[in-house]
Amino acid sequence: MRGKKGGAACGDRVLIQPTTTGQGVIESILPRSSLLYRSDAYREKLIAANVTQIIIVVAAVPSFSEELVNRCLAAAESQRIKALIVLNKSDLAEPTRVAASTLLLYRELGYPLLQISAKTDVASMLPHLQGHLSVLVGQSGMGKSTLINALIPEAERATAEISVALDTGRHTTTHARLYEIDPDTRLIDSPGMQEFGLHHIDGADLAWGFVEFHPYLGQCRFSNCHHTGEPGCALDSASKTGEINPRRLVFYRKLISSLGAALRK
Ligand SMILES: Nc1nc2c(ncn2[C@@H]2O[C@H](COP(=O)(O)OP(=O)(O)OP(=O)(O)O)[C@@H](O)[C@H]2O)c(=O)[nH]1
Ligand SMILES: [Mg+2]
Ligand SMILES: [Zn+2]
């Protein structure tokens, strides 16, 4: 990039001005069809541009955060891109069984859920990748780079053993990188994340990030209901009757309270 202003993300299409052989400067970034990023109260971090699908990679070991899955799904909904949940390391049979039962809820909501092992078999992923620019996201140690290597052997991505003591990965991947399976099918590996801040999503829009909430939005007693315990809240009643899973309302409320000041606007 020329000057200090960065702003290009993996997946961006740019115009470049060649300088010396093999070198060039980015003149401009072309309009994006989507932009995936995370943000807290202070800064934003671009994850990937122009992706048409977000692949949330989870595994039973190290343990994954269901809250993070909910945040990734909300981000996908806000950008109107497809979301696919991949439960990796299915060769670890017993812990995977427990993780799979947690994730069943998301399949019921309509999100495709694949159980695979990057170490033994990834073939079932291929049909889901076809025609998409996908980005693999998730916590460190879930096996994103191992998946890339299984799908694209010449990628030779660095991977690292997880820390059993800390029940975490080692933040092995430091930069996002795009790989091409065929000209229409591309895949981005991204660094593991612990947090997925969504400060850029307006508090009033957040409920739209939860697909099964849609039929209830606009049905609450107060038009500015934040669904955090206000009287006559349609989501509250729906969760009490079991029409929506109470776990999702809990994640929604956690998310909205983390927005804090942003919500009070
Ligand atoms: N048993 C088993 N282990 C796996 C599988 N996939 C990945 N691993 C192991 O999990 C560890 C972490 O894998 P990575 O691919 O480095 O994880 P990552 O998600 O890219 O991690 P970051 O780059 O830190 O975000 C490595 O030791 C892998 O060998 C799998 O399907 N089964
Ligand atoms: Mg990695
Ligand atoms: Zn409400």
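# Helix packing, domains and selected residues in a predicted model

The axes of helix α1 (residues 66-78) and helix α6 (residues 246-259) approach within 10 Å and cross at roughly 75°. Helices α1 and α6 are therefore roughly perpendicular to each other, a term used for angles of 65 to 115 degrees, whereas angles under 35 degrees count as roughly parallel, over 145 as roughly antiparallel and the rest as oblique. Axes are lines fitted to C-alpha atoms, for helices over the stretch in contact, and angles run from 0 to 180 degrees between N-to-C directions. On the α1 side the contact is made by E67, N70, R71 and A74, and on the α6 side by F251, K254 and L255. Two residues are in contact if their C-beta atoms, placed from the backbone, lie within 7 Å. By class, the residues of this contact are three nonpolar, one polar and three charged. Ala, Val, Leu, Ile, Met, Phe, Trp, Tyr, Cys and Pro count as nonpolar, Asp, Glu, Lys and Arg as charged, and the others, Gly among them, as polar. Helices (H or I, at least four residues) and strands (E, at least two) are DSSP runs, numbered from the N terminus.

This is a predicted model, in which local features need pLDDT of at least 70 and side-chain atom pairs count only at pLDDT 80 or more, while totals for chains, interfaces and linings use all residues. Residues are numbered from 1 along each chain as its sequence is written, and chains are lettered from A and ligands numbered from 1 in the order in which they are written.

The domain assignment, automatic or from a database, gives domain 1 (35-189) and domain 2 (203-264). The centres of domain 1 and domain 2, taken over C-alpha atoms, are separated by 27 Å. In the contact between them, 10 residues of domain 1 meet 12 residues of domain 2. Helix α1 gives the most to the domain 1 side, with seven residues. That side divides into four nonpolar, three polar and three charged residues.

Ligand 1 is surrounded by 25 residues, of which S140, G143, T159, T173 and G192 are the closest; a residue is near a molecule if its C-beta atom, placed from the backbone, lies within 6 Å of it. Helix α4 (residues 144-151) supplies the largest share of this shell, three residues. The shell comprises six nonpolar, 13 polar and six charged residues.

Individual residues can be compared by burial. A residue is buried if 20 or more other C-beta atoms lie within 10 Å of its own, exposed if 12 or fewer, and partly exposed in between.

| Residue | Other C-beta atoms within 10 Å | Class |
|---|---|---|
| F196 | 24 | buried |
| G11 | 24 | buried |
| H171 | 14 | partly exposed |
| R80 | 9 | exposed |

F196 is found in the loop between β10 (185-189) and α5 (234-240). Beyond its neighbours within four places in sequence, F196 is in contact with R38, L68, R71, C72 and A75. G11 belongs to the segment before β1 (14-18). G11 and R177 are 166 residues apart in sequence and 8.4 Å apart in space, C-alpha to C-alpha.

Some loops show particular backbone features. R80, in the loop between α1 and β6 (82-88), has a phi near 55°, a positive value in a residue other than glycine. H171, in the loop between α4 and β9 (177-182), has a positive phi of about 50° although it is not a glycine. A cis peptide bond, with omega about -10°, joins V61 and P62.
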